[in-house]
Amino acid sequence: MDNTPETIIKMKLYRNIFLVALSNSFLLALSSGAFAQSSDVAVFFKMPAASFQEALPIGNGRIGALIAGNPNKDKISLNEITLWSGGVQDADRGNAHQYLKPIQDYLLKGKNKEAQELLQQQFVAKGAGSGNGNGKDAPYGAYQTMGNLLITWKDTTTAYTDYSRVLNLEKAIATTKWKRNGVNYSQEALVSIPGNVMMIKISASEKGKISFSTSINRKENATVKVEGQTLMMNGQLPNGNAAGLRFAAGLQVQTKGGQKIIKGDEIEVNNADEVILVWTAATDYNVADYTKRGSDPAATVKNNLIAAGKLSSLQIEKAHLTAFGSFFNRNRFSLKGASADVLPLSTPERMERYAKQLPDAQFPVLYYNFGRYLLISSSQPGSLPANLQGLWAEEYQTPWNGDYHLNINIQMNYWLAEPTGLGDLATPLHQFIAGLVKPGSTTAKAYYNAPGWVAHVIANPWGYTSPGEGADWGSTLTGGAWLCEHLWEHYKFTNDKAFLAKYYPVFKEAATFLSAILIEEPEHKWLVTAPSNSPENTYIMPNGFKGQTAMGPTMDMQICREIFGYSIEAAKILGKDQEWAAELAGIRKRLAPNQIGAAGDINEWLNDWKDAEPTHRHVSQLYGLHPYEEITPWDSPELAKAARESLIQRGDGGTGWSKAWKINHWARLGDGDHALKLFRQLVTLVDPARKLNMSSGGTYPNLFCAHPPFQIDGNFGGTSGIAEMLMQSHGNDNVIRLLPALPSDRDWKDGTVKGMRARNAFVVDFNWENRNLTKGNIRALNGGICKVELPANMLVKDQQGKLIVKTDKQGIISFKALKGANYTFEKV
């Protein structure tokens, strides 16, 4: 917060005005929730949630909840990240490879219409596929809610006042406060990482004033009954027409004072001083081997509740704070200054104010912290990766099955992990990728008669790697290879050779598949993929045909260059497969290159065809700009210029995640002002209660990204975009570039970053004032050559204070860093 005398005077005057003008109830909100909201770590509401888009998300990567905070009848949506219907299936057409050459021949002759028709007939998934995104009752399945926890308060005839609901992102605790009949109530909710339980602590300012009933329910495939002092839910989801995954959940209530009575399938509390609710859930999904059932979920639930029952609420909270803080505090970003005008505002009110371009330096920081909070809360080792909704869903049929889309969405979920110090939370993704190799090898044989493994556009926890059910979107064949980029990126950020050796076979086999299926196009004799799609987009051929099936879309070729390149480098690092790597290098040279079209943009297709939708949400031809690194302003300025033109032609509109991706693109081009412009669009308030901006990508009142509907990838992509604005380390030499896309907006002129990660295993802290870098520190986790771009008049010193270099102009310096050592730089 800005503590200059001018700001202090302004804040005092502001408070005095409100003391005169506002009611006592509003003053309480101002002094509690509003104060919290002035920070960069609080999501604040002045009223209970009317929908899940206003609820506060809490979670631990396994279980989660959405806190609505209603003092009359509270409904808390519950989740367990492995709660999926469906199961392992054979969705491959075993003879599909017989039609591969006829489809490719059509494409080589320019008969794309015929190719697409044959592909739809013979080369899509067998059966229902994803069920057109509604697969909960099909073998594909869907991610589903675990149901609800209900708290029905007694004596609600008197209205409540002084309401506030705050999610503290540093503590991962959602606190709801209100006043009724002169009594102040507080409800604190958290989900413990070490204990795998949700704990809700309800307290009151006077003894004997807490009375309510509570229960858990689910509208289908579940039963609830009392077992001792526990409400137990048990159920089983369908796998098509067969029995699928088993699940269980349990709720216990502990009281201080008063009386606890179990009535039917609910627990009644009367006149208590304090109440602790403990809830947990489990399924028999086996993360280690999804083809086999795991442990009995009911036993897991009971054991977790027994363990929690041996601890006090203070012990559970302390362990929670320690575990969560160990992730959250690794990396912090701050901007100097806080406008007193935002003190009384809820988060959605701040969003509307921010849309008017009024100053609120802490809002981008809040959004950044929220993105990191969401990843910590939805992705933890030992479980599944964050899905399209992270782990928060109230639906039984989630949009697009709440699955893993491989044509950007799951990848975007993890873009922020490495640079913001959460690389170990990508472990579920790494293991998920490895789990696709076996089924992906079967799919590669069935459709392409090729070695290696493939995954297309969609995946689920059951190892689905087949194409989708539609030729117009389901045939992109580089989904698995795109996933593998995250394996290489983790190595680049850590230099962990043991990790590289473990996952090398995964991306080697993905590269092997792509190298085996390439064909030679007739005009330039380039090697291209076929058949494929450029994700979800449509071309217009010169003959007027509008289609999606193509050969050699630009993104495919960029992904091929990328995976071939790092496979070759990995083989060299590990000292193996040199003959294979040399062969792969020869193939890589023949891949169709990036092409600049007549309009000055980068072609999305092998030919310079028109787009049926010029402002399409995907910007797939710019994969080479981000997340890949073959297009940079410093190494390939002509392509960077064409990439800029592509973005201009595409426009700034689109879904929430589309805007988030473009923030990353503009940051990679060094244009912080355009990146900030898109960030402002990304956080445009989409308010279902008021039917506000319901058809445009933006952000819901609780900061969830609005595709619409809710998709969490936009949150993660937006956070990644801010990280790219602050620091970059991609490119041929992995030069650390500080403030490469800092906006000129006054909110951004002074700031601090701590704990940002750079490729080659460096941790970087730095400060800036008036848009100029002032000082910083680089810590070498593994040692090696460090390259960093610095402005003139910087003193760079080693850990002993010895001068390494004084910069006389803006440029790149290089020095050998020792493992574990710190190196400082400071403006003279």
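**Core, cysteines and a helix pair**

Let me start with tryptophan 279. Leaving aside residues up to four places away in sequence, tryptophan 279 touches Ile63, Gly64, Leu78, Asn79, Met146, Leu149, Val197, Met198, Ile216, Ala249, Gly250 and Leu251. Bear in mind that this is a predicted model.

Now the core. The largest nonpolar core has 231 residues, and within it Trp279 and Phe766 touch the most other members. Which helix gives the most to this core? That is helix H14, residues 497-517, with eleven residues. Apart from this core lies another, of 14 residues, including Ile276, Leu305, Ala308 and Ile316.

Next, the cysteines. The disulfide count is zero. Take cysteine 560: the nearest cysteine sulfur belongs to cysteine 484 and is 12 Å away, whereas a disulfide needs the two sulfur atoms within 2.5 Å. Cysteine 560 is therefore in no disulfide. Is cysteine 560 buried or exposed? Its relative accessible area is 0%, so cysteine 560 is buried. Cysteine 786 also has a relative accessible area of 0%, so that residue is buried as well.

Last, a helix pair. Helix H15, residues 554-574, and helix H16, residues 578-589, have axes that come within 9 Å and cross at roughly 155°. Angles over 145 degrees count as roughly antiparallel, so that is how H15 and H16 run relative to each other. Their crossing is left-handed. On the H15 side, the contact is made by Arg561, Phe564, Gly565, Ser567, Ile568, Ala571 and Lys572. From H16 come Gln578, Trp580, Ala581, Leu584, Ala585, Ile587 and Arg588.

Conventions: Residues numbered from 1 in each chain as written. Predicted model: local features only at pLDDT ≥ 70, side-chain atom pairs only at ≥ 80, totals over all residues. Heavy atoms only, no water. Core = buried A, V, L, I, M, F, W, Y, C linked by side-chain atoms within 4.5 Å. Buried < 20%, exposed > 50% of the residue type's maximum accessible area, 1.4 Å probe, protein only. Helix = DSSP H or I, 4+ residues; strand = E, 2+ residues; numbered from the N terminus. Contact = heavy atoms within 4.5 Å. Axes fitted to C-alpha atoms, helices over the stretch in contact; angles between N-to-C directions. Parallel < 35°, antiparallel > 145°, perpendicular 65-115°, else oblique. Left-handed = near helix turned anticlockwise from the far one by under 90°.
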